[in-house]
Amino acid sequence: MGKRKKAHVGPHKYQRILWKSRKVEGEPYYIFKCMLPGCTHFVPRELVIGNECECWRCGKTFIMTLPATYLKKPHCMSCTKGRPEDVSVDDVTANLDKILGGF
Ligand SMILES: [Zn+2]
Ligand SMILES: [Zn+2]
């Protein structure tokens, strides 16, 4: 009651966007915005880590990691494994351990 209805069920589908109005000289400011229809949710890049995100490749839910924030359209670890040149799998695993251990 009185609570705003979520635009969709399940996790947000984040895309990295350059936030021009917050651009500092020499340092681009990125946000991650949900691209699902009707959803206006967004978070600064440093706060997206640990959030649930829908994979742009397979559509499954995964937890955002630091390497994933370097991708414009983040994808999950199993999709990352198919493209080893994207990010180091070791880095992803280390970050996931850190995040899961933090809970
Ligand atoms: Zn959303
Ligand atoms: Zn995936």
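Averaged over the protein chain, pLDDT is 82, and 71% of the residues score at least 70. Residues are numbered from 1 along each chain as its sequence is written, and chains are lettered from A and ligands numbered from 1 in the order in which they are written. Since the model is predicted, local features need pLDDT of at least 70 and side-chain atom pairs count only at pLDDT 80 or more, while totals for chains, interfaces and linings use all residues.

**Layout.** The protein chain has three helices and five strands, and from the N terminus they come in the order β-β-β-α-β-β-α-α. These elements are DSSP runs numbered from the N terminus: helices are H or I with at least four residues, strands are E with at least two.

**The sheet.** Three strands make an open, antiparallel sheet in the order β1-β2-β3. Since β1 and β3 are edge strands with a single partner each, one side of each has no neighbour in the sheet. On average, neighbouring strands here are turned by 30 degrees against each other, direction ignored; the axes behind that angle are lines fitted to C-alpha atoms. Strands count as paired if DSSP finds at least two bridges between them. The pairings look like this:

| Strands | Bridges | Direction |
|---|---|---|
| β1 (residues 14-18) and β2 (residues 30-34) | five bridges | antiparallel |
| β2 and β3 (residues 42-44) | three bridges | antiparallel |

Phe32 is a handy landmark in β2: Arg16 stands opposite Phe32, and Val43 is the bridge partner of Phe32 in β3. Gln15, meanwhile, has Lys33 as its bridge partner in β2.

**The core.** Of the 103 residues in the protein chain, 18% are buried. Buried means 20 or more other C-beta atoms within 10 Å of the residue's own, exposed means 12 or fewer, and partly exposed is in between, with C-beta atoms placed from the backbone. The largest nonpolar core has 10 residues, including Phe32, Cys34, Cys55, Phe62 and Cys76. Such a core is a set of buried Ala, Val, Leu, Ile, Met, Phe, Trp, Tyr and Cys residues joined through C-beta atoms within 7 Å.

Who does Cys34 touch? Leaving out residues up to four places away in sequence, Cys34 touches His12, Lys13, Tyr14, Cys39, His41 and Phe42. A contact means that two C-beta atoms, placed from the backbone, lie within 7 Å.

Cys76 sits in the loop between β5 (61-63) and α2 (77-81). Cys76 counts as buried because 22 other C-beta atoms lie within 10 Å. Setting aside neighbours within four places in sequence, Cys76 contacts Cys55, Cys58, Lys60 and Phe62.

**Over in β5.** Ile63 lies in strand β5 and is partly exposed, because it has 17 C-beta neighbours inside 10 Å. The C-alpha atoms of Ile63 and Asn51 are separated by 5.6 Å.

Conventions: pLDDT is the predictor's confidence in each residue, from 0 to 100. Axes are lines fitted to C-alpha atoms, for helices over the stretch in contact, and angles run from 0 to 180 degrees between N-to-C directions.
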